[in-house]
Amino acid sequence: MDVVSFFAGCGGLDLGFEQAGFQVVWANEFEPAVRYTYLKNHPNTEFVLADINTISPSTIPDCDGFIGGPPCQSWSVAGKQRGINDERGKLFLTYIRLIEAKKPKFFLIENVKGILDDKFKDVFEDFLVRLDSAGYDVKWDLLDAVNYRVPQNRERVFIIGFRKDLHICYKFPMPTCHEPITLARALGDINEEPMRYGDKELLKNNTLRSNHDVLTSEYGSFYYRGNRRRGWNQPSFTIHATADNIPLHPSSPKMMFFGHENWKFQQDKIGDYRRLSVRECARIQTFPDRFIFECDNIKAIYKMIGNAVPPRMAYELAKSIYAAMKDRQEVKSLMRHPNRHDSNVLVGYYKNEEHYNLILQNRLYFVRSDGRNGSIFKQDCAMTPKYLLLHHGSKADIFELDEEEPVLANGTFLRTLGFHSNGELYLCFNLKNCTICTIEELGGNLAHPNYDKNNFAPYFTTLEKVICKTN
């Protein structure tokens, strides 16, 4: 499906939708500082740097969906909360008018929790009424990204609507993890010291690790109003768009509490405190390490990272939208992914019980896709397999796979899920559920499935060859 993106920033929301199989064909952003970063990481998207108020609906490509988060400062508790009286708050209405003009099949709107405050109750309800009047079945929810494998507490409001004539029943995605991903899992492998920069210093090319740069300006009075440090075994605080208020690295000493909104550094350890680096913030926001931020102003980079929707959160929302449309059988003609073949089976090996449990916990099986022995490439999946046979020695189970096309992921992403991956590029297949397929479901005998027990490399076969069909 084709989508267009508004208030695109550096493209965190866009990346998640791309990973779910959508095509972001056009994107709009007003902030010049993000231009090179967006173009570098989304080379196939037409990027329009312009004020959204100047954009005519006729210049927006026909598409299936609108995605975007209008500026949040008007509603944020960290700002002045001027709401609709702020020019930035009025951009919410501009976005709604464009939705009404183009009538995409669906839209997604993201914003901060502050928009739900009592002082904005009438405004928020007015937004929902306008979207309903525009012809959409609208649902909204407050979601915390930490429940969707994002290593930070980050509460955001998501509003999703489908055109009423489609009669789509939508449900927000259920949490995808039971325990938060910790800072140790997200950042534990970053051992290099970051390059340090003051407010106005121009960034150089960090040759040790891309974008591993940290702001060293003084901590303002606002910084001491709360605790800014979480430990290695916790998820991060929210990654904000204001560089001065970026959380402390977990290796920093604890802050001392002296009363309400009165926290201080330990004076004898003052030199051991530092903010999270740009790359560390990007990791916590679930940007892959291959995502490069092109800008010579460190504060501008922190801002674009903090303003972004975490790609992993965006991916889950995109999948839920796809699933809702799939239930309408419309997605087959819209989604650009290989055809599914009901008899195709991917045969894969698992190393041990821990590996097996991780596969089921994440509902994900990955194979190498970097040219090493045993690699499978996207072009090898001309027909998306319906089943995964997982084997270890004489033990084998068969699971049904999702219909979506396999996606590429790097080793860093997989390590944040707990996998012990040592490569850089993998092809990922999603399990539909964790239920082992029964004999009755497959119409055969799984007592002695037919597969190569000595072959640790993944390969494709057919269901007829794996099981003994019954008459």
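Okay, so let's start with a cluster of rings: Phe17, Phe22, Phe106, Phe162, Tyr170 and Phe172 are linked into a cluster by ring pairs. Keep in mind as we go that this is a predicted model.

How many aromatic pairs does the count come to? The count comes to 29 aromatic pairs. One I'd like to show you is Phe22 with Phe106, which is an edge-to-face pair, with 6.1 Å centre to centre and 70° between the planes. That pair links distant parts of the chain, since the two residues are 84 residues apart. Phe22 is in the loop between α1 (12–19) and β2 (23–29), while Phe106 is in strand β5, residues 106–112. And are these two buried or exposed? Phe22 counts as buried because its relative accessibility is 2%. Phe106 is buried as well, with a relative accessible area of 0%.

Here's another pair to look at, Phe287 and Phe293. Their ring centres are 5.5 Å apart and their planes sit at 80°, so this pair is edge-to-face. Both Phe287 and Phe293 are buried.

Staying with rings for a moment, let's look at some arginines. Which ring does Arg275 lie over? That's Tyr219: Arg275 lies over the face of Tyr219, at 4.2 Å from the ring centre. Then there's Arg228, which lies over the face of Tyr223, and here the distance from the ring centre is 5.0 Å.

A disulfide, just to remind everyone, is a covalent bond between the sulfur atoms of two cysteines. How many disulfides does the count come to here? The count comes to zero disulfides. Cys10 has a relative accessible area of 1%, so Cys10 is buried. Cys63 has a relative accessible area of 16%, and since buried means under 20%, Cys63 is buried too.

Now for the empty space. The idea is that rolling a probe the size of a water molecule over the atoms shows where empty space is left.

I'll take the second largest pocket, which holds about 1,200 Å³ of space. Its lining is made up of 50 residues, and those nearest the centre are Thr176, Tyr315, Glu316, Lys319 and Arg363. So which elements supply at least two residues of that lining? They are α8 (311–326), α10 (353–362), β16 (407–410), α11 (411–416) and β17 (425–430). Out of these, α8 gives the most to the lining of this pocket, with 10 residues. By class, the lining of the second largest pocket comes out as 24 nonpolar, 11 polar and 15 charged residues.

There are cavities too. The count comes to three cavities of 30 Å³ or more. The largest cavity has about 50 Å³ of space. Its lining includes Thr384, Pro385, Leu401, Asp402 and Val407, with Cys428, Phe429 and Asn430 also among the residues there. Two elements give two or more residues to that lining, namely β14 (383–392) and β17. And β17 gives the most, with three residues. As for classes, the largest cavity is lined by six nonpolar, two polar and three charged residues.

Next, some backbone angles. Phe7 has a phi near 50°, a positive value in a residue other than glycine. Where is Phe7 placed? Phe7 is in the loop between β1 (2–6) and α1. Phe7 has a relative accessible area of 18%, so Phe7 is buried.

Arg149 also has a positive phi, near 65°, and is again a residue other than glycine. You'll find Arg149 in the loop between β6 (136–144) and β7 (155–163). Is that arginine buried or exposed? Arg149 is buried, because the relative accessible area is 9%.

Terms used: Residues are numbered from 1 along each chain as its sequence is written. This is a predicted model: local features need pLDDT of at least 70, side-chain atom pairs count only at pLDDT 80 or more; totals for chains, interfaces and linings use all residues. Side-chain values use heavy atoms; hydrogens and water are left out. On a 1 Å grid over the protein atoms alone, a cavity is a set of points where a 1.4 Å probe fits but cannot get out, and a pocket is an open set with protein on both sides within 12 Å along at least five of seven lines; lining residues have an atom within 4 Å of a point. Grid points are joined across faces, edges and corners, and a volume is the space filled by probe spheres set on the points. Helices (H or I, at least four residues) and strands (E, at least two) are DSSP runs, numbered from the N terminus. Ala, Val, Leu, Ile, Met, Phe, Trp, Tyr, Cys and Pro count as nonpolar, Asp, Glu, Lys and Arg as charged, and the others, Gly among them, as polar. Rings of Phe, Tyr and Trp (its six-membered ring) pair if their centres lie within 6.5 Å; planes under 30 degrees apart count as stacked, over 60 as edge-to-face and the rest as tilted. Buried means under 20% relative accessible area, exposed over 50%, partly exposed in between (1.4 Å probe, protein chains only). A charge sits over a ring if NZ of Lys or CZ of Arg is within 6 Å of the ring centre and within 35 degrees of the ring normal. A disulfide is a pair of cysteine sulfur atoms within 2.5 Å.
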